[in-house]
There are 2 protein chains.
Amino acid sequence: MKRKITLKHIARELGVSISTVSKALKNSEEIGAETKVKIQAYAKLHNYKPNNIAISLKNKRTKNIGVIIPDIVHHFFTTVFRGIEKYANGKGYNVIVCLSDESFDKEVINMELLANGSIDGFIMALSSGTQLKGDYTHLKEVTDQGIPLVLFDRVTDEITCDKVVINDKEGAYQAVTKFIKDGRKKIALITTDEYISVSRDRTAGYKQALLDHDLEFDEELILKLPTMEIDENAIASFFSNTEVDAVLCVNEVFAIASMRYVKAKGHNIPEDISFIGFTDGILSKYATPGLTAVAQHGEEMGEIAAQMLIEKIEVEVEEETYVTKVLAPTLIERGSTRNNKV
Amino acid sequence: MKRKITLKHIARELGVSISTVSKALKNSEEIGAETKVKIQAYAKLHNYKPNNIAISLKNKRTKNIGVIIPDIVHHFFTTVFRGIEKYANGKGYNVIVCLSDESFDKEVINMELLANGSIDGFIMALSSGTQLKGDYTHLKEVTDQGIPLVLFDRVTDEITCDKVVINDKEGAYQAVTKFIKDGRKKIALITTDEYISVSRDRTAGYKQALLDHDLEFDEELILKLPTMEIDENAIASFFSNTEVDAVLCVNEVFAIASMRYVKAKGHNIPEDISFIGFTDGILSKYATPGLTAVAQHGEEMGEIAAQMLIEKIEVEVEEETYVTKVLAPTLIERGSTRNNKV
DNA sequence: CCATTTTACGCAAACGGTTTCGTGCCAGGA
DNA sequence: TCCTGGCACGAAACCGTTTGCGTAAAATGG
């Protein structure tokens with residue numbers, strides 16, 4: 001077992017001082033050519049690599065960024081993460097991921113742990129627990145310490161920091177407008193509880209589109225599912241009691257589960273009922289028929305978040321400014337809406 | 001902006017030495033009750049938290065584990081990651097993720113970077129690039145340095161370390177046996193290139209099951225897709241030229257794409273053709289009909305890998321022993337095979 | 001040949017902790 | 001009064017690097 005070699009080993013072995021070794025390896029002008037060659041050769045031979053931890057301590061820079069997301073199993077977060085990792089890696093940063101599991105407590109614990117020197121900045125999407133509780137002191141503490149923070153997707157106005165979101169209201173608006181253009185009149189919305197910021201915005205877009213096209217807003221046409229898990233019974237009773245010809249869902253799982261139900265009941269998609277779902281993930285793509293979806297551009301969002309964060313980490317300014325970048329959603333048309341290919 | 005406070009600050013402020021503060025905060029018996037109370041109160045008031053980096057340098061323990069996987073967007077890797085994160089977090093470890101993107105070079109670079117002190121151990125699944133190249137010197141170097149390593153899913157015999165895999169051969173065997181019991185005779189296999197260890201094992205299980213049930217093995221019934229991306233044309237030409245009544249796919253995307261194609265061609269599933277896919281992911285669950293799948297128990301695999309790794313990190317033994325844990329796959333029956341519910 | 005500059009390196013502090021080993025002081029015992 | 005012991009704390013080494021500064025020895029100049 002060849003343990004890692006340090007400057008000290010090289011110095012002792014070659015009979016020079018540690019600082020000489022350090023300088024020689026940085027090709028400093030201070031060190032004589034002969035000595036440099038000797039030291040560099042020895043270092044290469046023994047595969048010397050400086051210890052990251054020691055360098056971090058010295059520089060107060062870890063080259064790590066912390067990513068805290070509710071869940072990695074959701075396709076959207078996964079794509080965002082990939083964008084973050086890609087950009088960060090290109091800039092020489094590593095990514096530490098913590099899953100909050102939608103829990104306020106886990107979010108707080110993980111942040112505090114990482115904030116004690118392990119990372120140079122955070123990228124995060126708020127857990128539903130945090131949004132429900134409305135308590136953002138853990139974020140405040142982090143920003144107060146001067147640790148850069150970028151929020152994405154699930155954000156809050158309570159915290160002043162860089163943010164990147166898609167225009168959820170606009171996405172819902174586009175979807176509903178598409179339904180209306182296709183002649184739909186009874187447009188339903190399947191969503192989660194209001195405390196999730198994105199659901200709130202999407203509901204607003206839904207209402208706005210109805211209003212703008214002189215359709216009545218009807219509470220009966222909205223189904224709120226309290227959890228991300230599929231409640232088959234709730235879906236069944238909703239469709240039995242409500243007459244609809246189009247359904248907008250705030251995520252693709254809701255959409256796929258609903259499509260499955262109405263297909264089983266003998267309805268045709270998109271002839272009888274159209275569907276649009278948020279999140280253009282793998283399910284939308286491979287569903288039969290393909291699910292028309294509001295693409296959230298997760299990977300791009302991740303790259304932008306990472307770019308904003310690293311910018312804040314690396315450049316010193318006397319007066320910080322914060323921006324909220326709003327990405328435009330894109331409607332990807334597939335077979336679950338009228339007049340389209342499979 | 002309240003910068004992080006250090007022992008030095010507290011010491012200076014309270015007129016004691018740094019070591020006194022350190023000991024007081026650890027509730028050492030050496031320090032007088034009065035002084036301890038005073039120091040602890042001050043620390044709490046100013047929210048003192050020790051710097052992780054400094055502790056890492058001192059202890060030569062980072063409490064970080066490195067996870068290197070080919071891609072996070074694949075459901076299987078995602079679930080494994082969740083298992084790892086869950087277990088590791090419970091043990092006070094953070095997880096640094098690097099994506100190799102199926103590339104040998106990225107895998108090597110990321111490993112070398114992390115190996116220089118950033119992590120206490122690695123958990124990884126080999127990239128296809130690495131398996132294709134068959135070069136494992138970067139793994140060897142890591143283990144030679146005494147850094148614990150656990151491989152999962154995509155493993156190699158060339159490296160001596162802990163491993164956790166599912167019995168891929170057995171999974172394929174079970175699937176094919178299921179087909180045969182259902183009366184299928186022309187059983188196809190859609191797979192990737194042989195250099196991926198899991199594909200090789202699954203192909204072996206497929207062949208073995210045919211042999212054991214006196215069915216002829218026919219090369220024509222195997223479709224090899226060179227990349228993970230779906231090649232619609234290859235699928236179309238395969239099904240046009242080959243008569244099959246059952247299809248085993250080495251991942252769910254292949255299965256879903258194939259099902260879609262044969263459905264579009266007017267065949268009924270499972271009446272005319274049955275399907276089974278590996279990876280029991282979200283697609284299998286929400287497909288219509290549901291895809292019968294070989295569950296790989298990713299989350300469990302992740303937990304076990306993390307457990308094995310942390311065990312190796314934390315306990316010192318004079319003679320290391322390595323085990324390969326083989327998990328049993330489970331066939332999850334859904335509507336894509338005969339005699340079953342939707 | 002002596003003074004000055006340059007070369008080539010070492011010392012030591014610093015990053016933020018932990019921990020071992022002293023050490024000054026006070027109390028108690030003889 | 002002197003010695004001993006324990007209490008309460010401080011000094012310093014250490015983890016692995018970086019870097020400003022000091023300084024011998026060599027080179028240069030006059």
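**Entry 1. A salt bridge in chain B**

I started with B:Lys86, which forms a salt bridge with B:Glu303; their closest N and O atoms are 3.6 Å apart. I then looked up where the two partners sit. B:Lys86 belongs to helix H5 (residues 75–90) of chain B and B:Glu303 to helix H14 of chain B, so this pair ties together parts 217 residues apart in sequence. I note that the model is a predicted one.

Next I checked accessibility. B:Lys86 counts as partly exposed because its relative accessibility is 46%. B:Glu303 is also partly exposed, with a relative accessible area of 27%.

**Entry 2. Other salt bridges**

I looked up the total: over all chains, the structure holds 30 salt bridges. As background, I wrote down that side chains of opposite charge can pair when their charged atoms come close.

I picked out B:Arg61, which forms a salt bridge with B:Glu316, with 4.0 Å between the closest N and O atoms. This pair links distant parts of the chain, 255 residues apart. B:Arg61 is in the loop between H4 and strand E1 (64–69) of chain B, and B:Glu316 is in the loop between helix H14 (298–314) and strand E11 (324–327) of chain B. I found B:Arg61 partly exposed, at a relative accessible area of 33%. B:Glu316 counts as exposed because its relative accessibility is 70%.

I also took B:Glu30, which forms a salt bridge with B:Lys23; here the closest N and O atoms are 3.4 Å apart. B:Glu30 has 60% relative accessibility and therefore counts as exposed. B:Lys23 has a relative accessible area of 30% and is partly exposed.

**Entry 3. Around DNA strand C**

I turned to the DNA. How many residues surround DNA strand C? I found 28, the closest being A:Thr20, A:Lys23, A:Glu30, A:Gly32 and A:Thr35. By class, the surface near DNA strand C has 10 charged, 9 polar and 9 nonpolar residues.

I looked up which helices supply this surface. In chain A, helix H2 (18–25) and helix H4 (52–59) each supply at least two residues of the surface near DNA strand C. The largest share, 4 residues, comes from H2(B).

I then asked which part of the strand faces the protein. Of the atoms of DNA strand C within 4 Å of the protein, 56% belong to sugar or phosphate, and the rest belong to bases.

I noted some individual contacts:

- B:Leu7 has a backbone N or O atom 2.9 Å from a phosphate oxygen of DNA strand C.
- B:Lys8 has a polar side-chain atom 2.6 Å from a phosphate oxygen of DNA strand C.
- B:Lys58 has an N or O atom in its side chain 3.3 Å from a base nitrogen of DNA strand C.

**Entry 4. Relation of the two copies**

Last, I looked up how chain A relates to chain B. A rotation of 180°, with 0.0 Å of shift along its axis, superposes chain A on chain B with an RMSD of 0.1 Å. I recorded this as the relation of a two-fold axis. In chain A, the C-alpha of A:Ile96 is nearest the axis, 2.1 Å from it. I also checked the contact residues: 100% of those of chain A recur in chain B, and the same surface serves both copies.

Conventions:
Residues are numbered from 1 along each chain as its sequence is written. Chains are lettered from A and ligands numbered from 1 in the order in which they are written. This is a predicted model: local features need pLDDT of at least 70, side-chain atom pairs count only at pLDDT 80 or more; totals for chains, interfaces and linings use all residues. Side-chain values use heavy atoms; hydrogens and water are left out. A residue is near a molecule or strand if one of its heavy atoms lies within 4 Å of it. A polar contact is a pair of N or O atoms within 3.5 Å; within protein, one must be able to donate a hydrogen and the other to accept it, and residues adjacent in sequence count only if both atoms are side-chain atoms. Ala, Val, Leu, Ile, Met, Phe, Trp, Tyr, Cys and Pro count as nonpolar, Asp, Glu, Lys and Arg as charged, and the others, Gly among them, as polar. A salt bridge is a side-chain nitrogen of Lys or Arg within 4 Å of a carboxyl oxygen of Asp or Glu. Buried means under 20% relative accessible area, exposed over 50%, partly exposed in between (1.4 Å probe, protein chains only). Copies are superposed by least squares on the C-alpha atoms of residues with pLDDT of at least 70 in both. Contact means heavy atoms within 4.5 Å.
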